[in-house]
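Reader: Could you take me through this model, beginning with the conventions behind the helix packing?

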Amino acid sequence: MGRIRRLHQRHWRERSKAERVELQSVVSWYATIWVLPLSWLMLPLMSGLDRRPVPMVLGGLLVAVDLLQCAVAGRLMRPALDHYLGRAELPPRSQRAAAVLLGLALALITALAAVDGTDPFTARLAIAAVLVPFGLPYALTVSVPVFLRRSAVLTALVVGALSIVRLDGLGVLATTVVCCFATGFALTAARCGAWTLSVLWEAERAREMEARLAVAEERLRFGRDLHDVLGRNLSVIALKSELAVQLARRGRPEAVEQMIEVQRIAQESQREVRDVVRGYREADLDVELVGAQGVLTAAGIDCEITGAADGLPADVQSALGWVVREATTNVLRHGDAGRCAVSLRVLEGRVVLTVENDGVSAAPDGGGGSGLAGLRERLAVLDGTLTAGAVGQDGFRLVAEVPVTSVSGVAS
């Protein structure tokens, strides 16, 4: 069981939601490639095959060719998906082996019909069994109109060949329906799943781009603030320094006054820069709570926020705001949470922030990771504490406590 849990953690838990959907889709395609063709071929062939030597040999060859078809289609499925999603180009002539095996399988079915080695129903199931493993990866490598045109041509060839052998009018119609069903099934199964994956990955890329744009916008805002603070002061410093140099060269005592003014402006600039950086680095607790609820809800996590930050000192709000920010990041990155509860209370002169979520198989940063360690350092400046650990089977709880002297308006 421990090994199974480790495999589950490595191959499922550590994947993103988009990667999980892709893995599920690929596994479904692999199962379709093997299960449906073999069940449509082997089981009917066992009862519907004539026991004469020639039909037995042709039937055995047909099963062997179908197995090779499934193996080749399984190897082509992932490259075909990468080609459809635009990740990599499909190698040239990659479908040649699959096409040769399909032609050989259809020729064996025609030969079985020619020697009256099987009943018509089994022959039609065999046609579907050899068309599906070829069609699944092929549907991802060509456009839908091309696939439909070539499927129509192939259907006409198959029906024509079998008509020459022994098909009557009703048999021609039944064989046409089977061919259309098999090719349509392959097209729908492959294209629908791949299209869903493409939309999902596009949404993932859009979220990543949105995050990058948000970071870039914040950097631009910070740059504008610094420019507004330093631009004018540095210009004044440059002018006054040049004036002081000229006065000093002439031996004028006013040079000292100018340098004192330069010193004052430089000190004022330092103070303003510190204010800008402090405002940039401080986290507003109310903003962080609202942002956490919005982000978690958008990720499909039921988030409940109780309490408000009204009346808390600015330094306490800043420290707890960073706790909310880091906790939200951990909820999104670790496990597969479906519920998250954030509460802010005042208990006997201490502000208590609790973040609890489910869907966690291992405690994030529970071994002293840099995220929680950094939060402990921030809280330690205010004599606060941070505890984090597992709760129940798959829960995780983070509790931050900070002492305060006077608080008004905070839910308790």
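Author: Axes are lines fitted to C-alpha atoms, for helices over the stretch in contact, and angles run from 0 to 180 degrees between N-to-C directions. Helices (H or I, at least four residues) and strands (E, at least two) are DSSP runs, numbered from the N terminus. The model is predicted: local features need pLDDT of at least 70, side-chain atom pairs count only at pLDDT 80 or more, and totals for chains, interfaces and linings use all residues. Residues are numbered from 1 along each chain as its sequence is written, and side-chain values use heavy atoms, with hydrogens and water left out.

Reader: How many helices and strands are there in the protein?

Author: The protein has 11 helices and five strands. Of its 412 residues, 38% count as buried (under 20% relative accessible area; exposed is over 50%, partly exposed in between, with a 1.4 Å probe and protein chains only).

Reader: At what angle do H3 and H4 pack?

Author: The angle is about 160°, and the axes lie 9 Å apart. H3 is therefore roughly antiparallel to H4; angles over 145 degrees count as such, under 35 as roughly parallel, 65 to 115 as roughly perpendicular and the rest as oblique. H3 passes H4 in a left-handed crossing, a term for the near helix being turned anticlockwise from the far one by less than a right angle, right-handed being clockwise.

Reader: Which residues of H3 and H4 meet there?

Author: On the H3 side they include Leu-58, Leu-61, Val-65 and Val-72, and on the H4 side Leu-101, Ala-105, Leu-108 and Ile-109. Contact means heavy atoms within 4.5 Å. By class, this contact has 17 nonpolar, two polar and no charged residues. Ala, Val, Leu, Ile, Met, Phe, Trp, Tyr, Cys and Pro count as nonpolar, Asp, Glu, Lys and Arg as charged, and the others, Gly among them, as polar.

Reader: And how do H3 and H5 cross?

Author: The axes of H3 (residues 53–84) and H5 (residues 120–138) come within 7 Å and cross at roughly 20°. That makes H3 roughly parallel to H5. Among the residues that meet are Asp-66, Cys-70 and Met-77 in H3, with Ala-126, Val-130 and Phe-134 in H5. The contact of H3 with H5 has 13 nonpolar, one polar and one charged residues.

Reader: Turning to the sheet, what is the strand order?

Author: The open sheet of five strands runs S1-S2-S3-S5-S4, with mixed pairing. S1 (302–306) and S4 (385–391) each have a single partner strand, so one side of each is left without a neighbour in the sheet. Neighbouring strands are turned by 10° against each other on average, direction ignored.

Reader: In what sense do S1 and S2 pair?

Author: S1 and S2 (residues 339–347) pair in the parallel sense over five bridges; two strands pair if DSSP finds at least two bridges between them. Asp-302 stands opposite Arg-339 in S2. Helix H10 (residues 314–333) packs on the sheet, touching S2, S3 and S5, and its direction makes about 10° with that of S3.

Reader: Finally, the backbone. Where is Asp-116 found?

Author: Asp-116 is in the loop between H4 and H5. Its phi is near 55°, a positive value in a residue other than glycine. Most residues other than glycine have a negative phi. Asp-383, in the loop between H11 and S4, also has a positive phi, of about 60°.

Reader: Is Asp-383 buried or exposed?

Author: Asp-383 is exposed, with a relative accessible area of 59%, whereas Asp-116 counts as partly exposed at 48%.
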